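Thanks for coming. I will go through one structure today, starting with a pocket and then turning to helix packing.

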Amino acid sequence: MRSFMALPCQHRRLFITLLAISVVAFATACNSNNSTPTDSMTTDTPHGSTLPRTALPMPPVAAAHGASSSGPADAPRSTGAQSWTMLDGRRMRASDYKGKVLVLDFWATYCPPCREEVPHLIALQKRYGAQGLNVVGLNVGGDEDRPKVPGFVQQFGISYPLGYPDDEFASAIFSQTDAIPQTYVFDRNGRLVKRFVGFDPAAATALDNAVQTALATN
């Protein structure tokens, strides 16, 4: 067999070109296989679960950062009969926070954007608590998620109170979408200032602005 260098110049160029094409084709096939999503990358809750799904991928900006006018028809627009049970067993209603600014956050321990939002909620409570802000986290992960809450509190150093919404309240919240987190900001008069679905840096800024607006409302 003749050596590579013994081949005519044009044949060597053809050989090099074909070799380069083969390498590119092989690399492309590997990348395609590696980019295929797996079940572990899905954002919904496990198959067979009735738990709310997370809000990944993020919903459109209009939905994620929508004002009260863009919320679901059945979503609470004021603090009326919405009620929940605190971790210590106390019964609370949204109307108990009359004269305060209330942030209600619906979350679960398995929800990645919920985890991202928790430190921001902690910071909001510390920054504006003296001005009348009350952050309340309501777990909607279901019976299997509740035993994980104490460890979650310790892991993240959650200082704001937590509880579980009544079924009727939860049904109203998730009437049109079961995505979480869902975060509601109510002003001192119990009126909905803004509703958020999902969490990202833009939502964090918008949430800060909504809280400041609510605190400034008499």
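**Pocket, helix packing and a cis bond**

Strand S6, residues 162-165, and helix H5, residues 167-173, each supply at least two residues of the lining of the largest pocket. Please keep in mind that this is a predicted model.

Which element gives the most to that lining? Helix H5 does, with three residues. The volume of the largest pocket is about 270 Å³. Its lining has 15 residues, and the closest to the pocket centre are Asn 139, Val 140, Gly 142, Asp 167 and Ala 170. Sorted by class, the lining residues come out as seven nonpolar, five polar and three charged.

Next, the helices. Two packed helices are described by the angle between their axes and the distance between the axes. I have two pairs to show, and H3 is in both.

Take H3, residues 112-128, with H4, residues 149-156. Their axes come within 11 Å and cross at roughly 60 degrees. Because of that angle, H3 is oblique to H4. The crossing of H3 past H4 is right-handed. Which residues meet here? On the H3 side they are Arg 115, Val 118 and Ile 122, and on the H4 side Phe 152, Gln 155 and Phe 156. This contact of H3 with H4 comprises four nonpolar residues, one polar and one charged.

The other pair is H3 with H6, where H6 covers residues 201-216. Here the axes are 11 Å apart and the packing angle is about 25 degrees. Angles under 35 degrees count as roughly parallel, so H3 and H6 are roughly parallel to each other. H3 passes H6 in a right-handed crossing. From H3, the contact uses Glu 117, His 120, Leu 121, Leu 124, Arg 127 and Tyr 128. Facing them in H6 are Ala 204, Leu 207, Asp 208, Val 211, Gln 212 and Leu 215. In the contact of H3 with H6, seven residues are nonpolar, two are polar and three are charged.

One backbone item remains. Most peptide bonds are trans. The bond from Ile 180 to Pro 181 is cis, with omega near 0 degrees. Where does Pro 181 lie? Pro 181 is in the loop between strand S7, residues 179-180, and strand S8, residues 182-186.

That is the set. I will take questions now.

Conventions
Residues numbered from 1 in each chain as written. Predicted model: local features only at pLDDT ≥ 70, side-chain atom pairs only at ≥ 80, totals over all residues. Heavy atoms only, no water. Axes fitted to C-alpha atoms, helices over the stretch in contact; angles between N-to-C directions. Helix = DSSP H or I, 4+ residues; strand = E, 2+ residues; numbered from the N terminus. Parallel < 35°, antiparallel > 145°, perpendicular 65-115°, else oblique. Left-handed = near helix turned anticlockwise from the far one by under 90°. Contact = heavy atoms within 4.5 Å. Nonpolar A, V, L, I, M, F, W, Y, C, P; charged D, E, K, R; others polar. 1 Å grid on protein atoms, 1.4 Å probe; cavity = no way out; pocket = protein on both sides within 12 Å on 5 of 7 lines; lining within 4 Å. Points joined across faces, edges and corners; volume = space filled by probe spheres on them.
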